[in-house]
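Colleague: Please take a close look at one part of this model for me, the packing between its segments. Keep it brisk, and spell out your cut-offs.

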Amino acid sequence: MVTATSEMDKEFEALRNVYNTVKRTGDSIRKSAKMFGIPESTLRSRLKNPDLFDSKVGHPTIFTKAEETQLAEHCKNMASLGYGYCMYQVLELASRIG
């Protein structure tokens, strides 16, 4: 299963590669954008303001990746034993962790 996050990571990495290529080779922005299938306006925006590569979109996360994985594994294990949690129970578990 492909997650939205992995797709966004791939697109972000592709954009960073195009950015580095344009900076290194001096190819035209239009040509590079067309060649890599990235909107020209997006590439121009990134070239004008490279700090956008370091910006994060959305709210900051509450859990670390490890904590999130631990909660998910616990819920899966309980479901395999026949005790699936409802949304409110998962929220209660999450509030104890966080």
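**Helix packing**

Modeller: Helix 4 and helix 5 pass each other in a right-handed crossing. The contact uses Glu67, Leu71, His74 and Cys75 from helix 4, and Val90, Leu93, Ala94 and Ile97 from helix 5. By class, the residues of this contact are 6 nonpolar, 1 polar and 1 charged.

This is a predicted model: local features need pLDDT of at least 70, side-chain atom pairs need 80 or more, and totals for chains, interfaces and linings use all residues. Residues are numbered from 1 along each chain as its sequence is written, and side-chain values use heavy atoms, without hydrogens or water.

Now the terms. Helices are DSSP runs of H or I with at least four residues, and strands are E runs of at least two, numbered from the N terminus. A crossing is right-handed if the near helix is turned clockwise from the far one by less than a right angle, left-handed if anticlockwise. Contact means heavy atoms within 4.5 Å. Ala, Val, Leu, Ile, Met, Phe, Trp, Tyr, Cys and Pro count as nonpolar; Asp, Glu, Lys and Arg as charged; the others, including Gly, as polar.

Axes are lines fitted to C-alpha atoms, for helices over the stretch in contact; angles run from 0 to 180 degrees between N-to-C directions.

Compare another pair. Helix 2 (residues 29-36) and helix 3 (residues 40-48) have axes that come within 9 Å and cross at roughly 125 degrees. That makes helix 2 oblique to helix 3 (under 35 degrees is roughly parallel, over 145 roughly antiparallel, 65 to 115 roughly perpendicular, the rest oblique). Their crossing is right-handed. Ile29, Arg30, Ser32 and Ala33 of helix 2 meet Glu40, Leu43, Arg44 and Leu47 of helix 3. These contact residues divide into 4 nonpolar, 1 polar and 3 charged.
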